[in-house]
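Hi,

Here is the structure I promised to pass on. Please have a look, then read my notes below.

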Amino acid sequence: VSVTKINQRDAINEAIRLEMGRDPRVICVHAAGVESQVTHGLDQLFDADRVIALDPAERTVVGMAAGMALEGLTPVCEVAADELASRGLDQLAEAAELHQREGTPVPMVVRVLCGRSPDGQPDSDGPERWLLPIPGLGIVAPATASDAKGLLTTAIRNPGPFCFLEQVDMYDTVGSVPAGGHVVPVPEARIVLEGTRATVIAYGSSLAPAVQAAAELDAGIEVLDLRTLQPLDDDGILESVCRTGKALLVDETALLSAVARLVTATIWDAAFEHLDAPVRRVSLAGVASDPEDRLAARVAAIKDGCDELLAY
Amino acid sequence: MQIVASGVVREHAASLTARDRIELLRAMMLARATEQRARTLDGREDDAAPAARRHREPIGAGAAAALRPQDRLVAPERFLAAHLSREEAGSTGRFSSAPDLVPIAVGVAFAVDARGSGTVVLTLADEGAMPSERWSEALALATARRLPVVLVVERDRPMPAAGSADQPLLGEAVDADDPEAVLTAVRAAVDRARAAKGPALVTCVARTPRPAKAGWRRGTEGQIRPTRDGDPHDPIDRYARRLLRSGVPRQEIEAALRSVGEGVMSWRP
C-alpha cells in the first residue's frame, strides 16, 4: 500500500471524498453559513444533491441527518462540540437507540469539532462526557492522520450512528496515511509503544504527549491508544494492563471524565487480581494553556503520573 | 405552508365505504385495547391517563388511513392507532419527543424527495411541540424546499382567529374526535404534498371535554366493552353510534370490535 504524507485535515477530507465516490448514498450535510475547514472542494467534485447546505438548520441538522439515514442515505455532518447539545444531541440519542433496540440501520456520522482553540483554551470540556452514556452510539477519537482517515471511513460504512471526535488543534499534524481506501477496525486499541512495567492509556490529542513522556522516561512504559471510545476494546486494554500490572489514564478532560471512569471500571472489573497498583488518572485539562509551554507542561504532568505509579 | 382548515373537511368524503369506516373504528379500538392490555399486564388498570389521550385515537386512525403503503409515518408512539394501522407498511415511532421528531421527519422527506419517488411523509405531534425552535426551523426548511411532508397537530383548544408569522396557523381546524374529518383533511394534504406542492399542516382540535375517568373497562377475558355510565364523548362510542345511524349493520360493527378485543386481550408476553 502506498503511503502519502498529509495532515489530518486533508486525511479527513480524503476519507469523505473517497467514500462519496465509492457509495452514492454517502452525502455531506451542513448548516448553511457554516464554513468548514475540512469539506472544502467537495462541492466542486460532487453534485449539489451530494453536498447539501441546509438553510435554516442551525438547530436541526443532526435530526435531519438522522431522518435521511433512516431513509437509506449516509449523511456525514459537522457540528461544533459546544453546540451539539442544542443542535440535536437528543435526536442523535433517539437514532442510536432505534438502531440498537430494533436493529434499524441509521448510518450517519456526526463530525464533532472539539479540542483547544489556537490560544490554547479548551473550547469544550470534552463532548465524550455526554456522548458516552448514549447506548448504541459509536464514538471514535483519532490521534493520527492515518487513524483519522481509517476511523472515519469505518464509521461511514457502519450501519449505525457514529460520532467522530475531530480535534481542530490537530488539523495541521502531518502523518503517513495509506492511499486509497483505508479502514481501521472498530474497536481496536493500538499499542504505540511497547513496555512491561506500566500501561499509559490515552486517546486523541492526549496521545502525543503520552508517547513523548514514556519515551523520555525510558522506563519500560507501554502506551496504548484507545482510538475507539464506544465500544471500548476491552480485550486490548485488559491484555496490556494484565501484562504490565499498572495503568495510568491520560485524559484531556476533568479527572472524572466519562472515558476515565469507563476504562477504570473495565480494569477493576476484569483485571483486579492482576494489578500491582491502583489505577491512576492524569487530567490535562488544567495544564498550562500557553501554546509555547503546553506540550512540555503536558509531558511533565504525565511523567509525574508515571513516576508515582512506578514507585507504588 | 398550506393551511387545511375545517371549511374544507367538514364535508366528509362521500367515497368512504362501509368497509373503510369499519376499518377506522377497528383501528381506534385496536389502539384502545392495546393500551388497556399493556396497562393490565403492567398492573396499572386504574390509570386514568389514557382517557386524556383518547383524541389521539381518531387522529391516528384517520391520518394513517390517508397514506399509501409506500408513504412514511414518523410519529411519537403515543399516536398508537397510526402505528398499528401501518403494521405492514412500517413506521418510525420510538422517538419520544415530538419537537425532536419533526426535524427527523423533514430529513426523511428530504431523502424521499431527492429520489423523486412520490412518497409522502406524515408526522403527528401535539401542540407542546410547536413552541420549539426546532419545530419552526424544520418547518421553514420544509417550506423553502417544498418537501412532501404533512404535519398533523393535536390541539386542546381552537386556534386564535389569526396566526402569527412564526406560527401561521388559522383558527378553524378539524374535529379531533372525528376520524373521518381527520382522514379527509389529511388525505387532501397528502395529495397536495404528493403533487409536489410542498408541506401542509392539519390541526385537529379537541372540541369535546375530556373525561375525568376512563369510561371503558375490561369485561370478561377476551371482551372489551363500554361501561353503562361510560363517557358520552368517547370517540369510539360516538363513532360506532354514528355508523349505526348511517346504516352500517350492527353485526359488522360488533364483529369488528369483538375481533380486536379477543385478539389483543388474549395476547401474553
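First, a definition: buried means under 20% relative accessible area, exposed means over 50%, and partly exposed lies in between (1.4 Å probe, protein chains only). By that rule A:F272 is exposed, at 52%. A:W268, at 34%, counts as partly exposed.

This is a predicted model, in which local features need pLDDT of at least 70, side-chain atom pairs count only at pLDDT 80 or more, and totals for chains, interfaces and linings use all residues. Residues are numbered from 1 along each chain as its sequence is written, chains are lettered from A and ligands numbered from 1 in the order in which they are written, and side-chain values use heavy atoms, without hydrogens and water.

**Rings.** Rings of Phe, Tyr and Trp (its six-membered ring) pair if their centres lie within 6.5 Å; planes under 30 degrees apart count as stacked, over 60 as edge-to-face, the rest as tilted. The whole structure holds one aromatic pair over all chains. The ring centres of A:W268 and A:F272 are 5.5 Å apart and the planes stand at 35°, so the pair is tilted.

**A:R9.** This residue sits in helix α1 (residues 8-22) of chain A; helices are DSSP runs of H or I, at least four residues, numbered from the N terminus. A:R9 is buried, at 17% relative accessibility. Beyond its neighbours within four places in sequence, A:R9 is in contact (heavy atoms within 4.5 Å) with A:Q37, A:V38, A:H40, A:Y171 and A:D172.

Best wishes

Notes. Helices (H or I, at least four residues) and strands (E, at least two) are DSSP runs, numbered from the N terminus.
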